[in-house]
Amino acid sequence: MDIFTSIILGLLSLDTIRALIAMTGWVKPEAKYSWVIYGRYERNLIVSGLKELGFQEKKSERVLNNLRLVSANERDMYGITKDNVVEQLVILISRYIVHFDQPIQYGGRRTTTSSYYIDTMEMSHNEKDKQLMVSIMAFLYAYYNNSTKPKVVITPKGGNPLFAQAVAKYYGTTFIVAKSSNDKSRITSVTDDPYTDFRINYEGAWNVASGTNIQECIIVDCNTSGGSQLIDIVHDIRRIFSQTSAVKISPPNKVYVLFRADSGQNHDVDRKFKDNQCELYRFFDLDEDIKAQIYRLKKSVGDERVPDLYYSEDKRQVDEIIDQMKKKNLYHYKL
């Protein structure tokens, strides 16, 4: 055997050893010198897989580059796309849904009875999940508004200010927390000046300078039930700005929530909002059966992990839940 043949065989042996080590995963990809083992292994593996599917080499390179682009875009939005955004929301809800043996009641003016509670406040205290909520809301807002962005985001003090504040920060807009008419911290003005009322009872309103003209003002919360708290804010803002010229803010007529927590009472909640010259936008409504399915998804994965779309069984259950929403006319996000 001549020296050149020995060198070639030696190099081939080294390459085989590298490939075997790469396949075993003994060397972590994030290790300092992992490139010695992996090199272009992962890239070549993808290209080989594409060739097996019938793609020519040039086409394989193009698909690989597109995959990189899609991956970068999805990382910016926590892996959310317009096609999987509802699936992502169902998964997120499943991680925070709680079941009670005895039905509980929640709500303001009109209470709702349910055996389930979705802890969206706890969700907002988890920074990653809060940002995921914001990204999901951004898709909902873009779905109905194309590329425009709100100038003011208002949320009820009794709602989820942490979430709404993150939404306002996402858009780089003014954030205001509204106190309801029955809030104990609400102050009755002694000056009878609506602009003063606005700045006192709407936290963050001091950032809205006198003479400001704002065209796009929206109300945001994580979810709603009957919607009365949100409609009350709409009425209060309209009342204030019909009585003052110090600030011109277009009266809000759009309310955005991720979902409606129930559909058992006041089925025609959309009519209720329209009767008050307002629109309620959300991805879907929940009823007891749907919440039960979401809770079963949570329990089915055990205590070792949380529900995740990367698991085929979890995705199958999520798809079934969404199908049920559609059959019951509870689904509002229609591409």
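Of the 335 residues of the protein chain, 43% count as buried, where buried means under 20% relative accessible area, exposed over 50% and partly exposed in between, with a 1.4 Å probe and protein chains only. This is a predicted model, in which local features need pLDDT of at least 70 and side-chain atom pairs count only at pLDDT 80 or more, while totals for chains, interfaces and linings use all residues. Residues are numbered from 1 along each chain as its sequence is written, and side-chain values use heavy atoms, with hydrogens and water left out.

**Overall build**

- The secondary structure of the protein chain comes to 13 helices and 11 strands, which are DSSP runs numbered from the N terminus (helices: H or I, at least four residues; strands: E, at least two).
- Among contacts in the protein chain with a separation of 6 or more, 66% join residues 24 or more positions apart, a contact being heavy atoms within 4.5 Å.

- Just after α8, Gly-172 takes a positive phi of about 65°.
- Helix α9 (residues 194-201) is largely enclosed by the rest of the structure, because 6 of its 8 residues are buried, and these are Pro-194, Tyr-195, Thr-196, Asp-197, Phe-198 and Asn-201.

**Arg-260 and Asp-262**

- Arg-260 belongs to strand β9 (residues 254-260), whereas Asp-262 is found in the loop between β9 and α11 (269-275).
- Arg-260 is buried yet has no salt bridge, and the nearest side chain of opposite charge, that of Asp-262, is 4.0 Å away; a salt bridge requires a side-chain nitrogen of Lys or Arg within 4 Å of a carboxyl oxygen of Asp or Glu, and for charge Lys and Arg count as positive and Asp and Glu as negative, with His and the chain ends not counted.
- Asp-262 is likewise buried without a salt bridge, but its backbone oxygen lies 3.2 Å from a polar atom of the side chain of Arg-260.
- The side chains of Asp-262 and Ser-225 are joined by a polar contact of 2.4 Å, that is, a pair of N or O atoms within 3.5 Å, where within protein one must be able to donate a hydrogen and the other to accept it, and residues adjacent in sequence count only if both atoms are side-chain atoms.

**Phe-100**

- Phe-100 is found in strand β1 (residues 97-106) and is partly exposed, with a relative accessible area of 31%.
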